[in-house]
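Me: I would like to learn how to read a protein model. Can we go through it one feature at a time?

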Amino acid sequence: MNVNDLYNAQFGGGNPIFIDDSNVEHTGPFYAFTVVGTTAAVIDSSGCTTNIVDAAPTMSFPLGSTIYGDFTSIELNSGAIIAYYKPQ
C-alpha cells in the first residue's frame, strides 16, 4: 500500500462496507474496521482470517474503536461494523 492509498483510506477511500449480519463471512481483503451502532461488536475469529496472533474464538471490540490489520475475511457474532477494503 503506498502513501496515497493510506491518505485516501483515512477519508473512506478504502471502499467501506457496512456489516451488521451475524454468522455470515464477508470476504476482503480488509485493512481496518470501525465498530458502529449502539453496542460492542463481537467478531467470530474462527470464521475469519486475520493476522491477529493467538486470537480467541470470539473477540469483543468496544463501540467506536477502529482496529487495523490484515483481514482476509470478517464474520460477526453480534454488533455492527464498517469494514474498509484494502486498495488493490
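Me: What share of the residues of the chain count as buried?
Reply: This is a predicted model, so each value is computed from predicted atoms. A residue counts as buried when its relative accessible area is under 20%. Of the 88 residues here, 34% count as buried. The chain exposes about 5000 Å², and carbon and sulfur atoms supply 53% of that area.

Me: How many helices and strands are in the chain, and in what pattern do they follow along the sequence?
Reply: The chain has one helix and six strands. Read along the sequence, the pattern is α-β-β-β-β-β-β.

Me: Which residues touch the most other members of the largest nonpolar core?
Reply: In soluble globular proteins, nonpolar side chains tend to be buried together. The largest nonpolar core here has 14 residues, and those touching the most other members are Phe33, Phe61, Ile74, Ile81 and Ala83. Two or more residues come from each of S2, strand S3 (41–44), strand S4 (58–61), S5 and S6. S5 gives the most, with four residues.

Me: With which residues is isoleucine 81 in contact, leaving aside its neighbours within four places in sequence?
Reply: Isoleucine 81 is in contact with Ile17, Phe18, Ile19, Phe33, Thr34, Val35, Val36, Ala41, Ile74 and Leu76. For the chain as a whole, take the contacts between residues at least 6 apart in sequence: 75% of them join residues at least 24 apart.

Me: How many aromatic pairs does the structure hold?
Reply: There are four aromatic pairs. One of them joins tyrosine 31 and tyrosine 84, at 6.1 Å centre to centre and with 45° between the planes. Tyrosine 31 lies in strand S2 and tyrosine 84 in strand S6, so the pair ties together parts 53 residues apart in sequence. Both tyrosines are buried. Ring pairs also link Phe33, Phe61 and Phe71 into a cluster.

Me: Which side chains meet in a salt bridge?
Reply: To find one, look for a side-chain nitrogen of Lys or Arg within 4 Å of a carboxyl oxygen of Asp or Glu. A search of the whole structure finds one salt bridge. The side chains of aspartate 70 and lysine 86 meet there at 2.7 Å, N to O. Aspartate 70 is in strand S5 (residues 66–78), while lysine 86 is in the segment after strand S6 (80–85), so the bridge links distant parts of the chain, 16 residues apart.

Me: Are aspartate 70 and lysine 86 buried or partly exposed?
Reply: Aspartate 70 has a relative accessible area of 35%, which makes it partly exposed. Lysine 86 is also partly exposed, at 27% relative accessibility.

Me: Is serine 73 buried or exposed?
Reply: Serine 73, in strand S5, counts as buried because its relative accessibility is 2%. A polar contact of 2.7 Å joins its side chain to that of glutamate 25.

Me: What about the backbone: which peptide bond is cis?
Reply: The bond from glycine 28 to proline 29 is cis, with omega near 15°. Proline 29 lies in strand S2 (residues 25–36).

Me: What is the phi of asparagine 23?
Reply: Asparagine 23 has a positive phi of about 60°, although it is not a glycine. Asparagine 23 lies in the loop between strand S1 (16–19) and S2. Its relative accessibility is 57%, so asparagine 23 counts as exposed.

Terms used:
Residues are numbered from 1 along each chain as its sequence is written. This is a predicted model: local features need pLDDT of at least 70, side-chain atom pairs count only at pLDDT 80 or more; totals for chains, interfaces and linings use all residues. Side-chain values use heavy atoms; hydrogens and water are left out. Buried means under 20% relative accessible area, exposed over 50%, partly exposed in between (1.4 Å probe, protein chains only). A polar contact is a pair of N or O atoms within 3.5 Å; within protein, one must be able to donate a hydrogen and the other to accept it, and residues adjacent in sequence count only if both atoms are side-chain atoms. Contact means heavy atoms within 4.5 Å. Accessible areas come from the Shrake-Rupley method with a 1.4 Å probe; for residues, only the protein chains shown count as cover. A nonpolar core is a set of buried Ala, Val, Leu, Ile, Met, Phe, Trp, Tyr and Cys residues joined through side-chain atoms within 4.5 Å. Rings of Phe, Tyr and Trp (its six-membered ring) pair if their centres lie within 6.5 Å; planes under 30 degrees apart count as stacked, over 60 as edge-to-face and the rest as tilted.
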